[in-house]
Amino acid sequence: MAVLLPDASSIDRWAIDKTNLENVMNMYGFNTTFYIAPETVEGAGQQVDQLKTAINGGAKYIVLTAIDYKKINESGLLEQHPDVKVVCHDRFVLDNPRIAYFSSTDTREIGRMQAVFLLNHFHSTGASSMTIEILEGPDTDVNAKNYYEGAMELLKKYIDSGALVVKSGKKDYLQVKSDSWNIADGKKAMQDRLASYEVGERPDMILAANDNMAQGAIDALTDAGITDMPVITGQDNTPMGQANIKNGKQTMTIEKNLKDMAYNTAMIINSLISKSPVHASQSIYGIPVFYSKTSLMTIDSY
């Protein structure tokens with residue numbers, strides 16, 4: 001079998017996923033080949049080549065974390081090899097009937113958790129209105145839009161009523177998505193939002209999809225001479241995110257139980273190999289899904 005993952009050059013959690021998956025695959029006794037590619041445009045093409053290599057090499061079971069799910073679909077590889085069973089790990093490959101299972105977290109719930117945190121802060125201040133800006137991930141990752149949609153389920157009515165003011169006017173997903181998950185693209189997005197503010201002014205709150213987007217926002221705000229950071233959300237509980245929270249630069253993050261996710265992924269593969277499919281209690285896009293746990297982390301968590 002084969003496991004295809006992004007490398008850790010953009011998001012360091014992928015190194016943790018690789019270690020966790022190696023450990024649990026070894027526990028099951030699977031003969032596993034790992035393929036790693038950078039989370040870039042070129043890396044997305046490299047991952048398609050890796051998928052082709054794995055399939056041509058005889059892999060019948062594949063764990064896939066897509067760098068760009070659209071490139072996977074465009075390749076047609078999964079449709080050409082219906083005997084190959086694919087389990088998506090963390091990220092879903094949308095619009096592809098060849099996906100057997102999905103092992104992830106409830107991505108919409110993560111967005112809701114971030115939104116609830118921001119709304120709790122808003123209500124706790126007693127303010128009649130606050131400013132907010134939104135930094136989401138790229139549309140090459142289905143999760144990014146799910147985070148956004150989960151958050152907007154709760155934030156939209158506050159934005160529509162004027163209680164939360166988006167001074168940049170950028171509210172729709174296509175307006176708030178970044179070019180990638182890279183910190184530099186998060187910074188570029190935040191610099192774009194700050195153009196709608198006076199010099200030295202900043203939003204009260206920032207809905208940042210993950211710790212990289214949060215770091216990008218912090219970098220842009222720092223370059224603009226702002227030292228009093230707004231309330232900033234995050235996700236992944238990275239060492240960088242933890243340091244930012246401890247230093248008062250980031251306010252919260254969401255921790256995914258990556259060991260739990262790896263175990264779910266391996267358990268699914270084992271069930272497919274043994275031809276005793278497990279029955280998931282939930283589905284997403286019609287595909288059975290197993291969710292791992294998430295936890296909200298603040299400075300009190302460390």
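**Entry 1: a hairpin and its neighbour**

I began at the hairpin that β11 and β12 form with two residues between them, where Y285 in the turn has a positive phi of about 55°. A note on terms for my own use: helices (H or I, at least four residues) and strands (E, at least two) are DSSP runs, numbered from the N terminus, and two strands pair if DSSP finds at least two bridges between them.

The model is a predicted one, with local features needing pLDDT of at least 70 and side-chain atom pairs counting only at pLDDT 80 or more, while totals for chains, interfaces and linings use all residues. Residues are numbered from 1 along each chain as its sequence is written, and side-chain values use heavy atoms, with hydrogens and water left out.

Q282 stands opposite V289 in β12.

Which strand pairs with β12 in the parallel sense? I found β5 (residues 99-104), which joins β12 (residues 287-291) over three bridges. In that pairing, S104 has Y291 of β12 as its bridge partner.

**Entry 2: the cavity**

On a 1 Å grid over the protein atoms alone, a cavity is a set of points where a 1.4 Å probe fits but cannot get out; a pocket is an open set with protein on both sides within 12 Å along at least five of seven lines; lining residues have an atom within 4 Å of a point. Grid points are joined across faces, edges and corners, and a volume is the space filled by probe spheres set on the points.

I found one cavity of 30 Å³ or more, and the largest cavity holds about 80 Å³. Its lining has 13 residues, with R91, D141, Y147, D236 and K256 closest to the centre. Both α1 (13-28) and α6 (142-161) give two or more residues to that lining.

**Entry 3: two pockets**

The largest pocket holds about 230 Å³. I counted 15 lining residues there, and T40, V41, T140, D179 and S180 lie nearest the centre.

For the second largest pocket I noted about 190 Å³. Among its 14 lining residues, I16, D236, E255, K256 and L258 lie nearest the centre. Which element supplies the largest share of this lining? It is α1, with three residues. At least two residues each come from α1, α10 (239-246), β10 (253-256) and α11 (258-273).
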